[in-house]
Amino acid sequence: ASFTVSLRTMDNITVMIKLRPGLSPSCQIRVKYFARSELKIKPGENVTFAFTCSTPEKYFIMEIQKNIDCVSGSCPFGDVHLYPLGLPRLNRTFIWDVKASTKAGLELKFSTPWLRQIEPGRTCPDFVRYNISSCIDTAIVNIGTFCRNGSVSRVKLLGGAIMSLHLPWDSRLTTSGFSIANRASIKRLCIIESIMKGESSVTLMSPNYPLGFPEDELMTWQFVIPSSMRASVFFHNYSLSNCERKEERVEYYLPGSISNPEVFKLSDSQPANIAGSFNLSLQGCDQDAQNPGILHLLFQVIVQHPQIDENVTHLVDLSKEWNMTVTIHFEGWPSRIPLTSEPICLICKDPRTCDRGLTLVSGAIYKIFFLCKDLSRLRITAEKAISCVDLRWCQRKVYSLSVPKAITQLPIRLHKFIWKLLAPDLINIEITSPSLKLQQHVPEQRCNTSYSYSIVSATPQTELNVGVFCPGGPIEKIQMRNNITISLKTFGKGFLNESNHQDLKMSFVPHIKDECTFTVRPDPKTKVYLQTPNWPYGLPPYVSISWYVIVPSKQVAHLGFSKDRMGITCETGRAYVNIKEETPGAEETVRREDELLPKPRNMYHDFWVNVSNCKPGDKTQLTLQFWMTFADKQMDLGVILAVVAGTGVLLAIGLTVCCVKKKKKKSQNPMVGVYNTNVNTQMPGKQGLFTKGRKNNESHVYAVIDDAMVYGHLLKESNGSVAPEVDVYRPFDGPVGSLPPSPPPLSFRKDIKCSSNTEEPTSLMDTDHDTYTFAHQNSGQSEDNGDASEKNNGDASEKNNGDTSTSLLEKMEQNGLGE
């Protein structure tokens with residue numbers, strides 16, 4: 001098909017058809033007998049042409065430019081038409097270059113549905129796009145890029161204007177959508193009018209955005225607001241230039257204000273809850289010629305109905321808090337900023353100071369109110385810092401990690417409360433939950449409470465995500481070496497009721513060995529799952545984690561791992577799993593990363609589980625999970641028979657002694673025990689008070705032996721009825737000094753009474769908690785331990801070195817025991 005374009009000279013229109021940028025001329029324009037890649041038709045020309053392909057819209061674009069002189073000639077006021085007619089269906093741009101005097105502004109009026117400003121480079125839904133520029137002398141300022149369907153109804157420009165309309169090739173639009181209304185002096189760069197209807201929002205940008213606003217210029221936005229609505233202004237993005245003179249600022253003319261214009265910095269909170277129409281102006285400054293900087297502004301105006309909670313004031317008392325900030329915000333803030341017409345929630349400190357996010361600081365009292373239809377959309381995020389500089393002072397203090405009532409009493413859901421616990425070198429942090437205790441959130445045992453704690457330990461070099469914990473579990477203490485961040489996060493509305501029962505505590509403690517140590521006191525009725533921190537990404541290299549598990553009395557723990565191997569390959573060093581019971585002589589179970597993990601086993605005493613990482617290779621990570629179940633201890637049948645037999649022997653000896661006593665004369669004096677001045681009969685004290693180890697002396701051997709205790713060795717077979725010597729536990733670091741031992745249960749310390757005339761031998765003080773032991777000597781042998789008791793009782797040892805019941809009876813008779 002061929003096209004004919006006829007341009008009148010008086011219309012001052014030029015048509016230019018050219019190839020799209022970057023395309024090869026596989027399609028051409030044929031004029032008469034000549035083919036070309038572009039065609040320019042000037043005013044007064046009449047040209048017939050055709051394309052050499054059937055789809056020229058894929059290859060060509062068209063520009064139609066009309067020059068309008070409003071300086072020397074009459075200005076064509078009224079609607080601007082799309083001319084000429086009969087143009088080919090190509091992507092086309094209509095450009096109207098209007099010359100006007102700087103003393104007489106030019107007003108462009110847009111027909112409904114008006115215009116909506118967009119950022120440069122964005123596209124419009126229907127691909128119909130307007131661009132408005134202003135001409136000041138030889139400078140061109142880009143006022144903005146606009147789509148249809150918006151609130152911008154008029155634009156007044158100082159001097160001339162360049163108006164362009166971009167249409168896609170298949171657009172059916174037949175009108176330009178704007179008119180040249182009149183000329184009026186405005187004494188500023190431009191004025192943009194925005195008419196708001198109902199609940200809506202508009203986003204606007206300064207000229208040349210995001211490039212710099214012209215130096216020392218002034219522009220104004222006029223907002224027409226329905227009298228029954230309220231408007232709020234929010235600055236989303238701005239930057240400041242380097243001023244030599246004056247100051248960049250915004251000015252408001254607000255309805256009912258007695259101090260118009262009200263001046264604000266761009267960094268200030270902007271006016272909110274404005275009742276009625278208002279103006280907003282942006283004023284630049286004289287910039288530094290060497291380093292001018294950039295002034296630009298993107299802001300939003302939101303219009304909505306007055307809120308019913310406008311007169312409801314809430315008191316937030318933070319006067320007694322320290323190092324705490326509280327931010328009230330809408331859901332999703334600040335990552336999601338609504339730039340559309342959706343209604344928003346505002347938090348206000350006073351009728352004009354409102355925002356979508358309001359931050360309150362400790363040490364003050366606030367009165368706030370909300371402009372929000374649905375308070376359930378609001379959230380609270382708070383942060384509190386606790387630090388320690390001098391351990392001598394802060395070690396004596398226990399800090400409560402609970403949400404203050406000033407927050408929980410607000411009708412807003414707490415989203416997150418963050419405690420930042422800061423400790424210098426050699427000072428560590430201990431987290432406890434005395435009554436509720438903590439449960440680790442694991443796949444097999446998920447938290448189902450209304451809140452949880454996320455604990456992260458961090459140093460400048462590494463960050464260790466300790467895990468997610470909730471109340472109601474076996475973990476009563478966590479010790480960590482580095483600075484800690486604890487984040488309480490809520491789920492649902494149940495936290496308001498459960499917040500009164502929080503018992504998380506924090507204190508500063510001296511340096512610990514491992515990166516993290518857990519103290520676990522399980523409920524014997526439940527199965528416990530525990531896993532390494534940083535799950536599922538694996539422990540950081542060379543990190544050591546320990547669990548100290550307290551086994552309930554009369555219970556036995558069944559310990560097992562959830563997989564057979566650690567599943568890692570070490571590039572440097574070795575990874576270990578160590579298991580050791582807290583009992584003397586307990587064997588330590590050690591497994592390397594290339595070995596099978598221990599099979600499930602029974603643990604009869606409190607025990608340690610330690611996991612130490614190497615530097616993993618081959619992208620493998622160390623992640624371990626173990627579990628515990630509990631059952632009642634079962635006494636062994638052999639032990640029961642031994643105890644019964646021992647009891648029978650004791651009874652027989654008692655009857656024999658009673659018979660021997662009856663044959664003795666009443667005049668005989670009772671036997672008196674030899675007092676050993678070196679025997680320690682005091683309560684056990686600190687470890688440092690014991691200068692000798694029990695393995696190197698016999699200070700615990702007594703000259704007087706209670707008959708019932710001759711068979712005390714039988715008690716040792718009853719699985720722990722007599723407390724053995726216990727070493728202070730250092731996780732897997734080798735032996736250390738002994739602690740004071742404990743006596744056997746009082747139920748086995750029996751004195752024998754055969755008649756009313758019998759005087760009982762003086763018993764040892766109940767405060768003596770040393771374990772009773774017996775020196776069984778062979779005939780003709782004695783032991784020298786350097787103790788004074790050996791000297792006091794040497795004769796008796798030489799004469800009575802046998803171990804038979806007959807020699808024992810003879811000894812008792814010689815010493816007048818029957819009396």
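**View 1. An open sheet of four strands, ordered β1-β6-β3-β4, pairs up in antiparallel fashion.** Strands here are DSSP runs (E, at least two residues), numbered from the N terminus, and two of them count as paired if DSSP finds at least two bridges between them. At the edges sit β1 (2-6) and β4 (34-36), each pairing on one side only. From one strand to the next, the twist averages 35°; the axes behind that angle are lines fitted to C-alpha atoms, with angles running from 0 to 180 degrees between N-to-C directions. A word on the model: it's predicted, so local features need pLDDT of at least 70, side-chain atom pairs count only at pLDDT 80 or more, and totals for chains, interfaces and linings use all residues. Residues are numbered from 1 along each chain as its sequence is written, and side-chain values use heavy atoms, with hydrogens and water left out.

**View 2. Strand β3 meets β4.** Look at residues 29-31: this is β3, joined to β4 by three bridges, and the two run antiparallel. Arg30 has Ala35 in β4 as its bridge partner.

**View 3. Another open sheet has four strands in the order β27-β32-β29-β30, with antiparallel pairing.** Its edge strands are β27 (314-317) and β30 (353-355), and each pairs on one side only. Neighbouring strands are turned by 35° against each other on average, ignoring direction.

**View 4. Strand β27 meets β32.** Four bridges tie β27 to β32 (residues 365-371), and the two run antiparallel. Look for Val316, which stands opposite Tyr366 in β32. In general, strands of a sheet pair through backbone hydrogen bonds, either parallel or antiparallel.
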